[in-house]
Amino acid sequence: MNTPALPPNRPPEPLSAARPQRVVALVTGISGSGKSVALHALEDAGFFCVDNLPPELLRELVHVEAAHGVQRLAVAVDVRTASSLPVLLPLLDELAAEGVKVRSLFLDASTQALVKRFSETRRPHPLSHPGVGSDRQRLVDAIEQERQLLAALRERSTVMDTSELRPAQLRLWIRDLVGASRSQLTLVFQSFAFKHGVPLDADMVFDVRVLPNPFYLRELRPLTGRDGPVADYLRAQPEVGEMLGQIEGFLSRWLPAFENDQRSYLTVAIGCTGGQHRSVYFVETLAQHFAARLPTLKRHRELDARS
């Protein structure tokens, strides 16, 4: 009897050579909030992108593209397929049970910002129909209807408020989110100015307007909370250290609960009057404090908008 030839001896594959985990980034949100910009940013980051996919086809698309070697897939779904949205959440659970890493990103913006964008582009809202009332009122009604239709999906997603963001700024923030660790909770610290509104995507908001303001010192006014002289001034104020310590203590106490809740991101927003000095200093200091414990991102809404 002929003995079949044995294959040549080969060393075992290293763990790093194991098949990479499939990742699906679901991009959804309110019309006019920047989904196209987000999808282009994900494409630049190496994702294979599909726009306006009917939700019923999501699972088949993931399997087909995986067979072609695509491991990072980004899919945009919006209210144009509203009748199919009820099947989407169960599909996401099924994919997760199959070992697919699903990350849902929901882009949102204030109604005022959305009305302005639609007015500037003169594009119709997908839910807007001719009828009684002004064009603006019909647009506002369509936006509110869309919020209701997408409420359940928003609850399951990482929310990003694009009200005050330029496209370049949104692309940068999307890139940072993609680059963050996906194996554990990521802390996002964001500074903002109350005069421009509270970020819609904030999980926690702390108001530091009661603290001494470097704006009223002529030599510090043109600087920011990232500059040494401003940081030195704020560190010298006892109440700044007290509030900073209390915020650090609060977050340290409750971070384990948020980690156990299987969250991907926790956004902590720090607000002051202009979003330039105090809130920026707090974000920089808090991010440095927690960076050794968890993946940490920093955002400065007002400062980033200038760059």
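## The parallel sheet

In this predicted model, four strands form an open sheet with parallel pairing, in the order E7-E8-E6-E9. Strands here are DSSP runs of E with at least two residues, helices are runs of H or I with at least four, and both are numbered from the N terminus. Two strands pair if DSSP finds at least two bridges between them. Strand E7 (204-207) and strand E9 (296-300) are the edges, each pairing on one side only. On average, neighbouring strands are turned by 20° against each other, direction ignored.

Strands E6 (residues 186-193) and E8 (residues 265-272) run parallel and are joined by eight bridges. Among the bridge partners are Ala193 and, in E8, Cys272.

## Helices on the sheet

Helix H9 (residues 238-260) packs on the sheet and touches E6, E7 and E8. Its direction makes about 170° with that of E7. Helix H7 (residues 167-179) lies across E6, E8 and E9, at about 170° to E9. Angles run from 0 to 180 degrees between N-to-C directions, with axes fitted to C-alpha atoms, for helices over the stretch in contact. Contact means heavy atoms within 4.5 Å.

## Helix H3

Leu88, Leu89, Leu91, Leu92 and Leu95 of helix H3 (residues 88-97) are buried (under 20% relative accessible area, 1.4 Å probe, protein chains only). They lie on the same side of H3 because they cover an arc of only 160° around the axis, taken from the directions from the helix axis to the C-beta atoms.

The buried residues of H3 pack against strands E1 (23-29) and E4 (101-108), and against helices H2 (58-67) and H6 (151-155). Gly99 follows H3, with a positive phi near 95°.

## Basis

Residues are numbered from 1 along each chain as its sequence is written, and side-chain values use heavy atoms, without hydrogens and water. Local features need pLDDT of at least 70 and side-chain atom pairs count only at pLDDT 80 or more, while totals for chains, interfaces and linings use all residues.

Methods
Buried means under 20% relative accessible area, exposed over 50%, partly exposed in between (1.4 Å probe, protein chains only).
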